[in-house]
Amino acid sequence: MGFFFRKIEKQIDSYQHELIETHYREVDNMYRQIRGWRHDYRNHIQTMKAYAAAKDWDAVQHYLDLLDEDLTTVDTVIKTGNSMTDAILNSKISLAKAKGIEVVADAHIPVKLKSSEIDLCCIIGNLFDNAIEASLKLPEEQRLIRVYMDMKNTQLYISFTNFTAGKKMKKEGKLFRSTKGEGHGFGLVRIDAIVERLDGYISRNSEDGAFTTEILLPQV
C-alpha cells in the first residue's frame, strides 16, 4: 500500500512540475510578444509617418488595423494588483480567447500574499485549464468563464464558473465523477492538497449547464 501511495505522489509531483513549466512558458511567451511590440514601436511610428507624408490614408488605416489586431493578442486584460497573478490570469485569458471562449474576470489582490506564487500558479492554472477544456465542448457562442478574486477580510477568495455541455455530475468523495484524462484528476488532487496545506476551504458545485469552484485561502 505504501508503494502505491508513493507512486501516486511521484506521479502528482511530476504532473505538478510539468504544469508549472507549461504555465510559465505561456506567461513568458505573452511577455516576449509584448517586449517585441514595444521594441518595434518606433518602426511602426516611422512607417505610419511615411504613409501620412504620402497622404496615403487608406494605407495608414490598414496599418492601424493590423497593429490593433496584433496588440489585442497580447493586451493586458486584467490588472489585479499582484504581478504574478496578473501574469498567469492574462496568459490564460489570452489562451481562452484564442479558443473562442469569452472570459469575464474581476480580480483585486494585494501586492503581497502569504500564499506562494507556485501555489497560486497551480491553483489558477488548473482551474483555468479545466474550465477551458469544459468550455470547448460547447458551441462557441455559449462558451463563458467567469473569474472572481478578492480579499474577504483576511482570506483570499477565488471563484471560477464555466458553462458546461453536460448534466449535473455525481460527487464521489470530495470530487465529481469525470471522464477526463489522468492529468485532470491530478490537477484536482493538487488543488485540494494545496488548499489543505494552507488551511483553506474549497467547494465545488455542479449543476446542469454550469460548474463552479470556490476557494478561500487564509493570508495571515
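The stops below go from the whole chain to the sheet and then to the helices packed on it.

This is a predicted model, in which local features need pLDDT of at least 70, side-chain atom pairs count only at pLDDT 80 or more, and totals for chains, interfaces and linings use all residues. Residues are numbered from 1 along each chain as its sequence is written, and side-chain values use heavy atoms, with hydrogens and water left out.

**Whole chain.** Helices (H or I, at least four residues) and strands (E, at least two) are DSSP runs, numbered from the N terminus. Their order along the sequence is α-α-α-α-β-α-β-β-β-β-α-β-β. Of the 220 residues, 40% are buried (under 20% relative accessible area, 1.4 Å probe, protein chains only). Contacts are heavy atoms within 4.5 Å; among those between residues at least 6 apart in sequence, 69% join residues at least 24 apart.

**The sheet.** Next, select the five strands of the open, mixed sheet, in the order S1-S2-S3-S7-S6. Strands S1 (102-107) and S6 (201-207) are at the edges; each has a single partner strand, so one side of each is left without a neighbour in the sheet. From one strand to the next, the twist averages 10°. Two strands count as paired if DSSP finds at least two bridges between them.

Select S1 and S2, which run parallel and are joined by six bridges. Ala-105 has Val-147 in S2 as its bridge partner.

**S6 and S7.** Move to S6 and S7 (residues 210-218), an antiparallel pair with seven bridges. Within this pair, Ser-203 stands opposite Glu-214 in S7.

**Helices on the sheet.** Select H4 (residues 83-98), which packs on the sheet and touches S1 and S2 (144-152). The direction of H4 makes about 165° with that of S1; axes are lines fitted to C-alpha atoms, for helices over the stretch in contact, and angles run from 0 to 180 degrees between N-to-C directions. Finally, select H5 (residues 117-135), which packs on the sheet and touches S1, S2, S3 (155-163) and S7. The direction of H5 makes about 15° with that of S3.

Conventions
Buried < 20%, exposed > 50% of the residue type's maximum accessible area, 1.4 Å probe, protein only.
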